[in-house]
2 protein chains.
Amino acid sequence: MAAIGRKVFDKISYHLKNGHNVKFVRNISNSGTFKYADLEITTTTNPQEKPAPEKLLFGHHFTDHMLHVDWSMSKGWGKPHIGPLQNISIHPAAKVLHYGAELFEGMKAYKGIDEKIRLFRPMENMKRMNKTAERCALPTFDGTELVKCIKKLISVDADWVPTTQNSSLYIRPTLIGNDPTLGVSLSHNAMLFVILGPVGSYFTTGLDPVTLFADPKYVRAWPGGCGNYKMGSNYAPTVQVQAKAVESNCHQVLWLFGDDHQLTEVGTMNLFMYWTNEQGEDELITHPLDGLVLPGITRSSLIKVAEKWGEFKVTEKPYTMKQVIKALKENRVKEIFGAGTACVVCPVKEILYQGEMLKIPAVGEPKLSMRFYDELTDIQLGKKESEWTELI
Amino acid sequence: MAAIGRKVFDKISYHLKNGHNVKFVRNISNSGTFKYADLEITTTTNPQEKPAPEKLLFGHHFTDHMLHVDWSMSKGWGKPHIGPLQNISIHPAAKVLHYGAELFEGMKAYKGIDEKIRLFRPMENMKRMNKTAERCALPTFDGTELVKCIKKLISVDADWVPTTQNSSLYIRPTLIGNDPTLGVSLSHNAMLFVILGPVGSYFTTGLDPVTLFADPKYVRAWPGGCGNYKMGSNYAPTVQVQAKAVESNCHQVLWLFGDDHQLTEVGTMNLFMYWTNEQGEDELITHPLDGLVLPGITRSSLIKVAEKWGEFKVTEKPYTMKQVIKALKENRVKEIFGAGTACVVCPVKEILYQGEMLKIPAVGEPKLSMRFYDELTDIQLGKKESEWTELI
């Protein structure tokens with residue numbers, strides 16, 4: 001059964017005289033898939049106490065169960081298992097511990113006003129996860145099968161989905177290369193797992209604006225790199241920079257790029273500016289999907305919502321600190337905000353840039369980001385009908 | 001005893017209204033250290049059979065024991081332990097599995113012609129490891145203490161140090177962030193471990209030249225990034241590119257940078273060119289330590305050896321594919337070679353660039369790289385006295 005959906009790999013075994021055997025799979029995206037139909041479930045005999053809703057810290061609480069599926073180059077994907085949440089046993093030479101052979105997704109399940117549990121555009125996460133897997137040289141799979149398995153996992157831990165306002169169940173699909181050999185080369189073994197955890201409200205009283213640290217000396221992504229994939233390797237380099245931001249009394253890092261200091265991402269979110277542009281048009285602008293920014297699902301959703309509204313111009317193109325500063329001076333900046341799964345939207349109140357604290361917005365209240373927030377959360381909570389949600 | 005060498009951390013606990021607690025250590029480099037004096041040793045009751053020397057595959061064989069030391073933000077470094085090689089138990093939310101919170105070093109122990117075991121410039125690895133730890137926001141330590149622990153580990157597994165010509169014991173110090181919480185932030189827990197494995201000769205019959213794949217569309221490192229640190233995050237993005245190199249019948253990737261296609265690194269090695277430059281001088285040139293290349297210990301050793309010889313100019317500055325192509329046409333390229341711990345030197349015979357296979361060298365045999373190889377291995381094997389080796 002472990003071989004279901006597996007194709008025979010077209011390996012090139014290529015021997016260097018130096019004693020290395022470099023085995024290369026011509027097309028690792030032919031990894032086949034695991035099947036929901038093969039799912040095995042072992043429920044825990046030791047359920048944990050659920051944390052108080054008001055004490056939920058992001059990423060600190062996990063449900064009773066997890067999903068895992070093993071993969072090997074020789075046998076393909078195995079059967080998916082749901083079992084008790086437990087530690088993973090990893091060989092100290094495993095590639096994930098040395099070379100960052102890892103990737104993840106971030107999704108949420110929401111308990112709606114009708115008590116039903118919904119996922120928000122889960123196949124978008126699956127498509128991105130498979131693209132990332134290919135770039136990371138880890139095996140791909142059929143995303144519809146993983147969504148089915150995730151829905152089952154959530155239903156097993158359904159009691160963990162928080163019911164308090166604005167809280168949700170965070171879903172973390174992860175894929176790691178875990179074969180026990182050193183050497184920067186293809187992983188011959190991998191493991192896909194999914195863990196769940198209840199997370200609290202990002203915003204207790206409306207949208208809480210943040211201060212950004214913008215230092216062009218730190219660069220998150222580069223053309224020809226992997227900044228547009230959700231690989232673990234994009235994150236480790238940011239932790240020290242985030243620490244410097246906090247040292248400067250800022251909440252998040254604003255990632256600039258290029259000699260003209262383009263605004264690309266904020267923290268781990270995409271970034272939007274709503275302004276009156278140089279041509280006098282009201283415009284929502286965000287950096288394009290040119291390889292430097294993550295193709296965020298919230299990003300894509302806000303663009304689609306705005307286009308549907310049709311009330312202002314929606315533009316995906318680079319914009320620079322020089323443009324922002326000029327627009328601030330001329331009172332043309334309405335709002336700047338981050339967008340991501342964790343918070344939906346995250347308004348910016350200040351940017352620390354070249355020794356100066358720029359105040360945002362120059363005009364008005366964060367009305368657009370609040371409107372986006374309401375629009376998306378109404379869909380996620382089932383207050384508004386939408387093709388973007390799926391019941392579990 | 002776990003608190004020996006530990007300093008009290010200067011924490012800023014900083015509360016966002018969104019429910020996140022961001023704890024920030026002002027200076028994680030004040031992590032104190034573990035001490036060799038505290039080392040505890042448990043030897044295995046189940047020693048493994050050693051592989052046949054002629055069948056050694058890099059990174060596939062490990063000795064009977066490993067070293068590990070735990071760290072936590074609250075307690076600092078614990079006691080170092082030497083115990084049987086075994087799997088590590090990791091929470092599925094551990095930062096190392098999601099955000100690439102990991103770094104490593106590569107070193108070797110050599111059995112000399114006098115049967116004594118030597119390390120080569122081990123403190124250089126320790127300095128680099130601590131610099132990388134700081135950039136990766138993981139705890140630092142006193143490198144002299146780790147070298148002492150590593151020497152002890154090697155002496156416990158001394159029977160594993162190969163005695164056949166050109167083989168050695170590979171040493172892999174590794175540091176991972178393993179606290180069980182999601183969220184891109186400082187690791188509150190970490191684990192340092194060292195594993196060892198016998199590795200075979202890179203070169204069975206002299207120096208075996210390689211063919212390189214040079215495609216400027218893939219970029220390994222960039223200004224403001226982490227290309228000069230030995231973080232795991234530098235490696236995952238290279239695996240797919242290495243696979244493309246093999247698809248094009250090349251052995252390794254030549255990493256180019258910038259619009260002028262500077263030659264920076266090859267595979268996981270530094271790169272050198274020995275040529276007659278535009279001014280007619282014999283010159284050994286390598287990309288400078290400007291943040292784009294790893295500060296290799298073999299790189300630094302070759303530069304020092306060449307400077308001591310004083311027979312040709314030694315230059316650390318960028319050089320481009322245009323310069324290389326012009327010099328090839330004018331028969332001014334003597335040799336191009338990689339340099340790293342695994343192989344010492346690795347001559348290049350061809351570069352696949354923009355559809356053309358450039359033949360290297362234009363003139364002569366790889367005499368300089370062979371001479372470097374002999375010089376360094378003579379030191380490593382104790383045939384030549386040097387301050388660069390330390391007996392274990």
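At what angle do helix α5 and helix α7 of chain B pack? I looked this up in a predicted model.

**Entry 1: two helices in chain B**

I found α5 at residues 297-309 of chain B and α7 at residues 367-380 of chain B. They pack at an angle of about 105°. Their axes are 11 Å apart. Angles of 65 to 115 degrees count as roughly perpendicular, so I call α5(B) and α7(B) roughly perpendicular to each other.

Next I listed who touches whom. From α5(B) come B:T298, B:S301, B:L302, B:V305, B:A306, B:K308 and B:W309. In α7(B) they meet B:L368, B:R371, B:F372, B:E375 and B:L376. I sorted the residues of this contact into seven nonpolar, two polar and three charged.

**Entry 2: a lysine in chain A**

I checked UniProt for A:K230. An unreviewed entry there lists this residue under "modified residue: N6-(pyridoxal phosphate)lysine". I located A:K230 in the loop between β13 (210-214) and α4 (236-247) of chain A.

Is A:K230 buried or exposed? Its relative accessible area is 8%. Buried means under 20%, so A:K230 is buried. I then set aside its neighbours within four places in sequence. The remaining contacts of A:K230 are A:L103, A:F104, A:E105, A:G106, A:R128, A:T132, A:Y235 and A:L294.

**Entry 3: the two chains**

How does chain A lie on chain B? I needed a turn of 180° and a shift of 0.0 Å along the axis. The RMSD came out at 0.0 Å. That is the relation of a two-fold axis. In chain A, the C-alpha of A:S233 is nearest the axis, 2.0 Å from it.

Last, I compared the interfaces. Of the interface residues of chain A, 98% are also interface residues in chain B, so the copies meet through the same surface.

Terms used:
Residues numbered from 1 in each chain as written. Chains lettered and ligands numbered in written order. Predicted model: local features only at pLDDT ≥ 70, side-chain atom pairs only at ≥ 80, totals over all residues. Heavy atoms only, no water. Axes fitted to C-alpha atoms, helices over the stretch in contact; angles between N-to-C directions. Helix = DSSP H or I, 4+ residues; strand = E, 2+ residues; numbered from the N terminus. Parallel < 35°, antiparallel > 145°, perpendicular 65-115°, else oblique. Contact = heavy atoms within 4.5 Å. Nonpolar A, V, L, I, M, F, W, Y, C, P; charged D, E, K, R; others polar. UniProt positions renumbered as here; feature names shortened; annotations may be inferred. Buried < 20%, exposed > 50% of the residue type's maximum accessible area, 1.4 Å probe, protein only. Least-squares fit on C-alpha atoms with pLDDT ≥ 70 in both.
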